[in-house]
Amino acid sequence: MRIETRLHDDEPAAVALRALSPRDRGTAIRLLIRRHHHELPGLIGLAPQSNTTVTPQPAPVPKSPTLAEPSTDEPAPVVEKKLLTPENLQKVINQAKSWQKAVIAVGFLLAGIGGFGASVPAHAADILLDVNTVSIHGEQWARHDLNQINPGLGITYRPEGSAGDWALSVGAYDNSYRRLTAYALAEWTPIHIGNPQGWHVDAGLSGGVASGYRRSEIPTSPAMGTALFRIESPSGMAASFFAAPNFGARASGFIGLQIGVPL
């Protein structure tokens, strides 16, 4: 509740809240108190408060002018307190709304996999149409600055006799840095859980080449590799999750979602 108290005590913060619509004002208060009570103050410019108790110091005793010594006191650093503005607060609210829309869209896609799988007879899916959708990044700065919506299309081919262990995929999508990426990957999923003719889970690795990234963004560019986790329905429709770890302070890891539709 420290943030709520500060909002009441801080007049610029109160002015910023009053500038919002009633609906956005409620969203802002919930974000400040419930969701981002550790990190949001920095995002919107609230200066952190210190819990350290200041001990009063005794007044200095003036010295005789004849015994005065050169002063070694340094001026205290000036700390600029950033104010909470309607623009910064609205930016955080819009970001929260975009995440809500992405979560709703992914929910509809996953629900469609189950519904389509229950209505279509099972068959061997040798070729799939891949629909690239969204990604979630591992670093806070990347979730704030990079592109989380990554639309794109591709094709996955599973060679006959591979028993679902091997596949080749090519395609293109709008990457996290808002550039076009073309890719060619090989997928190896030797781990299978469940009934191959029904709902089942495959796990393994993917690797290949992808354009549109710099070495400072992906150290191995243009080569890339990820862990692969796939949930497949009886119809052959699949939700594939591609995951990569963080590579350093400025190379964020991610989890990307791809929907596969059998052709």
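**Local features of the predicted model**

At 11% relative accessibility, Q148 counts as buried, since a residue is called buried when its relative accessible area is under 20%. This description, like those that follow, refers to a predicted model. Q148 is placed in the loop that runs between α6 (140-145) and β2 (149-157), and its side chain makes a polar contact, at 3.1 Å, with the side chain of H137.

In one of them, E187 is paired with R230, and the closest N and O atoms of the two residues are 2.7 Å apart. Because E187 belongs to strand β4 whereas R230 belongs to strand β6, this pair ties together parts that are 43 residues apart in sequence. Both partners, E187 and R230, are buried. R230 also forms a salt bridge with D202, for which the closest N and O atoms are 3.7 Å apart. This second pair likewise links distant parts of the chain, with R230 in strand β6 and D202 in strand β5, 28 residues apart. The relative accessible area of R230 is 5%, so this arginine is classed as buried, and D202, at 4% relative accessibility, also counts as buried.

E217 is joined to R179, with the closest N and O atoms lying 2.7 Å apart; E217 is in the loop between β5 and β6 and R179 in the loop between β3 and β4, so that the pair, 38 residues apart, links distant parts of the chain. The two partners fall into separate accessibility classes, since E217 counts as buried at 8% relative accessibility, while R179, with a relative accessible area of 22%, is partly exposed. The pair takes part in a network of salt bridges in which R179, R214 and E217 are linked.

In the loop between β3 (166-174) and β4 (180-194) lies R178, which has a positive phi of about 60 degrees although it is not a glycine. R178 counts as exposed, because its relative accessibility is 53% and the class begins over 50%. In the loop between β5 (200-210) and β6 (223-232) lies P222, which is joined to S221 by a cis peptide bond with an omega of about 10 degrees.

On the surface, a nonpolar patch is formed by I127, I155, Y157, L168, V170 and L263, which together have about 550 Å² of accessible area. Strands β2 and β3 each supply at least two residues of this patch. L263, another of its members, is located in the segment after β8 (254-262) and is classed as exposed, because its relative accessible area is 65%.

Terms used: Residues numbered from 1 in each chain as written. Predicted model: local features only at pLDDT ≥ 70, side-chain atom pairs only at ≥ 80, totals over all residues. Heavy atoms only, no water. Helix = DSSP H or I, 4+ residues; strand = E, 2+ residues; numbered from the N terminus. Buried < 20%, exposed > 50% of the residue type's maximum accessible area, 1.4 Å probe, protein only. Salt bridge = Lys/Arg side-chain N within 4 Å of Asp/Glu carboxyl O. Polar contact = N/O pair within 3.5 Å; in protein donor to acceptor, adjacent residues only side chain to side chain. Patch = residues over 30% accessible without salt bridge, like charges linked within 9 Å, V, L, I, M, F, W, Y side chains within 5 Å. Areas by Shrake-Rupley, 256 points an atom, 1.4 Å probe, with all protein chains shown as cover.
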